[in-house]
Amino acid sequence: APPSSSSSSSSHHRRRGGSTLPKLRNHPCTLRVEITDNSESPLRIAVHGTSAAFDGLEDKDELVRTIQRCRCEELNISPTSILIKWDVTKDECNNVVGSRLPSLHDHEDNSLNNNNNNSGTEPDIAVLKAPLGSRGEGIYFVGSIDEMYEIIEANRDKTYEAGQDFLENIIETKGRIPSWVLQAEIRPPLLIKDGRKFHIRTYVVVVEKLYHEDMIDVYMYNRHEVRIAAERVSDQESIVADSLGLTGSKQRGRLAHITNGSSSELTERVLLQDVDELMAMNMQDKVNTFVAQAFGRHFVPDMIRRVARQEQMVQQAARIASPTSSSAAPFPTSKFAMAGVDLMVTKEGRLYLLEVNNNPAAPPAHLTKDPFADHLVGYMTDLVGLVLGLRNMPDTDNATFPQTCNFIHANDILNKEP
């Protein structure tokens, strides 16, 4: 019989006869997919939410630390960023940030700086990201250290008002209190669709293979999404703001500068392949190469280290709990990590990594048009087929999971480099 698949966050699943399967492991997971048939052959199970592969990339401050730890700062993978403690004092803030806000040109050579610098016509603005912000919440545009500190101070006061339990819960969950990130603004940004900002969302999946030398396989999805701001960026934005005495966040209208859809239901979601302006710039191949280099080369040592350390801890805990029994799962099981990767593009076509979102969320159904909804269904179909290895199963009718797949192994891209 053709295989069937299902997903659930439950720790128990049933065969087609009603008998209960044993627990996989006493680990919570955010997505579990399984395949079974009417025979007694072993089940295939894949779980998401238990792998440590993206632990060093998901939080905004941890992404900055991982880039530093992997010695990628000079590669300019991500905009210049500064970490700021959640309870920083004004003097500490001045010492950490220095005499000016970070910009994209801080680590570029003089020739790039001379070609790209706005020659002082643009205001000095940076992006301040809150420690626990998501979906556009906690994103601020700041024009000075004073303005930045006012925001941090107000948020710190709210944290204290929430009580000690709030801080303790964060520490228990994260192992720390995350830091603020002060990041260079992507400027000048590439504009499309009559002068609107956008960012690119693509997906990276890591599948663990613990008993191989490489330990992980890194895949990237080659159907990239484009999320376009609700309003166009005015050519006169800075001039008008200056004439009104506006600074920092007041110079940046959120409907024109926040592109993830949280600020407006008018945010447009399309596929990169359907945006002629981007295809003319060969952006599809540029994104593939950029993501493959970042996740298939630069971040791999950190991901392998985290996966290996987690497996050692799991095995050690299993030996302590039951020294005489095997800790192996009773049926073929794989662990995978899935992340939505957000990129932004400069006017010159240079890509920058903004964020890595573990457990990425789909847009609300009422905001999803049919072509984009079909894309999301196709993504999940490809994902299930990838993590369960359905394309490699003999003697099954895999019409639902065709041999062609939109996931590409990162090494396949890297091996094409000159």
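**Notes on the salt bridges and the sheet**

1. Let's start in helix α1 (residues 60–69): D61 and R65 sit 4 residues apart there, so about one helical turn separates them. Helices here are DSSP runs of H or I with at least four residues, strands are E runs of at least two, and both are numbered from the N terminus. Before going on, note that this is a predicted model, where local features need pLDDT of at least 70, side-chain atom pairs count only at pLDDT 80 or more, and totals for chains, interfaces and linings use all residues. Residues are numbered from 1 along each chain as its sequence is written, and side-chain values use heavy atoms, with hydrogens and water left out.

2. D61 and R65 form a salt bridge, with their closest N and O atoms 2.9 Å apart. The term means a side-chain nitrogen of Lys or Arg within 4 Å of a carboxyl oxygen of Asp or Glu. D61 counts as buried because its relative accessibility is 1%, whereas R65, at 24%, counts as partly exposed. The cut-offs are under 20% relative accessible area for buried, over 50% for exposed and partly exposed in between (1.4 Å probe, protein chains only).

3. Two other pairs deserve a look. K209 meets D217 in a salt bridge, the closest N and O atoms being 3.1 Å apart, and D217 is buried at 15% relative accessible area. R227 and E225 also pair up, at 3.0 Å from N to O, and both are buried.

4. Shared partners tie D59, D61, E62, R65, R69, R176, D302, R305 and R306 into one salt-bridge network. Across the whole structure, the search finds 19 salt bridges.

5. Now the sheet: 4 strands make an open sheet in the order β4-β7-β5-β6, paired antiparallel. Strands count as paired if DSSP finds at least two bridges between them. β4 (81–84) and β6 (139–142) are at the edges with a single partner strand each, so one side of each has no neighbour in the sheet. From one strand to the next, the twist averages 25°; angles run from 0 to 180 degrees between N-to-C directions, using axes fitted to C-alpha atoms (for helices, over the stretch in contact).

6. Strand β5 (residues 126–129) runs antiparallel to β6, joined to it by 4 bridges. K129 stands opposite I139 in β6.

7. Finally, the helices. α4 (residues 145–162) packs on the sheet and touches β4, β5, β6 and β7, its direction making about 150° with that of β6. Contact means heavy atoms within 4.5 Å. Helix α2 (residues 90–97) lies across β4 and β7 (180–184), at about 160° to β4.
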